[in-house]
Amino acid sequence: MIVLFYIAEWVLMLNWHRRQLQKHTNIDYENKISHLENALADLKAFVMTHKADNTDCAESDSYDVSESESIQAESAYSLAIELAKKGADAATLVKECGLSRAEADLIVAIYHGVYKG
């Protein structure tokens, strides 16, 4: 009989500890979610501010991309695509074409058949 009493007490204590742990875990998640929501709101405000700044800059007469710059960029992408079709890796595209690593990774993924979009 005494053993049953101790077992019942142990089970009740275990359940109480489990509920306390869940309560603390939920509070931690609520704090993290609140923090992420605030960060997201700040990021949205930042993007909207810079989007407005870029719109003003694009409408300005002083901001003019020359035709030769766009042709150079276009030819760099064309060269990168051709190299990727021939099996070149992203590091080669960065070195040979002057692309960023992200651009090179994207071109390699698309033209090596990794991207099935």
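**Stop 1: Ile81**

Select Ile81 and show its side chain. Ile81 touches Ile107 and Tyr111, leaving out residues up to four places away in sequence. You are looking at a predicted model. Ile81 has its place in helix α2. Ile81 and Val108 are 27 residues apart along the chain. Their C-alpha atoms are separated by 7.9 Å.

**Stop 2: the whole chain**

Zoom out and colour by secondary structure. How many helices and strands are there in the protein? The protein has four helices and zero strands. Along the sequence, the pattern reads α-α-α-α. Of the 117 residues, 9% count as buried. The accessible surface comes to about 10000 Å². Carbon and sulfur atoms account for 61% of that surface. Now think about contacts between residues at least 6 apart in sequence: 28% of them join residues at least 24 apart.

**Stop 3: the core**

Hide the surface. Select Ala80, Ala84, Ala88, Ala90, Leu93, Cys97, Leu99, Ala104, Ile107 and Val108. These ten residues form the largest nonpolar core. Which elements give two or more residues to this core? They are α2 (67-85), α3 and α4. In soluble globular proteins, nonpolar side chains tend to be buried together.

Leu99 is then in contact with Tyr77, Ala80, Leu93, Val94, Ala104 and Ile107.

**Stop 4: helix α3**

Select residues 90-97, which make up helix α3. In this helix, Ala90, Leu93 and Cys97 are buried. Turn the view to look down the axis. The three cover an arc of only 60° around the axis, so they sit on the same side of α3. Step on to Gly98. Gly98 follows α3, and its phi is positive, near 75°.

**Stop 5: helix α4**

Select residues 101-111, helix α4. Which residues are buried here? Ala104, Ile107 and Val108 are buried. Look down the axis of α4 too: its buried residues fall within an arc of 100°, so they line one face of the helix. Now check the other side of α4. Ala102 and Leu106 are exposed there.

**Stop 6: a salt bridge**

The structure holds one salt bridge, and Asp105 forms it with Arg101. How far apart are the closest N and O atoms? They are 3.1 Å apart. Side chains of opposite charge can pair when their charged atoms come close. Asp105 and Arg101 both lie in helix α4, four residues apart, which is about one turn of the helix. Asp105 is partly exposed, with a relative accessible area of 35%. Arg101 is also partly exposed, at 47%.

**Stop 7: a patch on the surface**

Last, select helix α1, residues 2-59. Find Trp10 in this helix. Is Trp10 buried or exposed? Its relative accessibility is 56%, so Trp10 counts as exposed; the cut-off is over 50%. Together with Trp10, they form a nonpolar patch on the surface. The patch has about 800 Å² of accessible area.

Key: Residues are numbered from 1 along each chain as its sequence is written. This is a predicted model: local features need pLDDT of at least 70, side-chain atom pairs count only at pLDDT 80 or more; totals for chains, interfaces and linings use all residues. Side-chain values use heavy atoms; hydrogens and water are left out. Buried means under 20% relative accessible area, exposed over 50%, partly exposed in between (1.4 Å probe, protein chains only). The arc is that of the directions from the helix axis to the C-beta atoms. Patches are made of residues with over 30% relative accessible area and no salt bridge: like charges are joined within 9 Å, nonpolar side chains (Val, Leu, Ile, Met, Phe, Trp, Tyr) within 5 Å. Accessible areas come from the Shrake-Rupley method with a 1.4 Å probe; for residues, only the protein chains shown count as cover. A salt bridge is a side-chain nitrogen of Lys or Arg within 4 Å of a carboxyl oxygen of Asp or Glu. A nonpolar core is a set of buried Ala, Val, Leu, Ile, Met, Phe, Trp, Tyr and Cys residues joined through side-chain atoms within 4.5 Å. Contact means heavy atoms within 4.5 Å.
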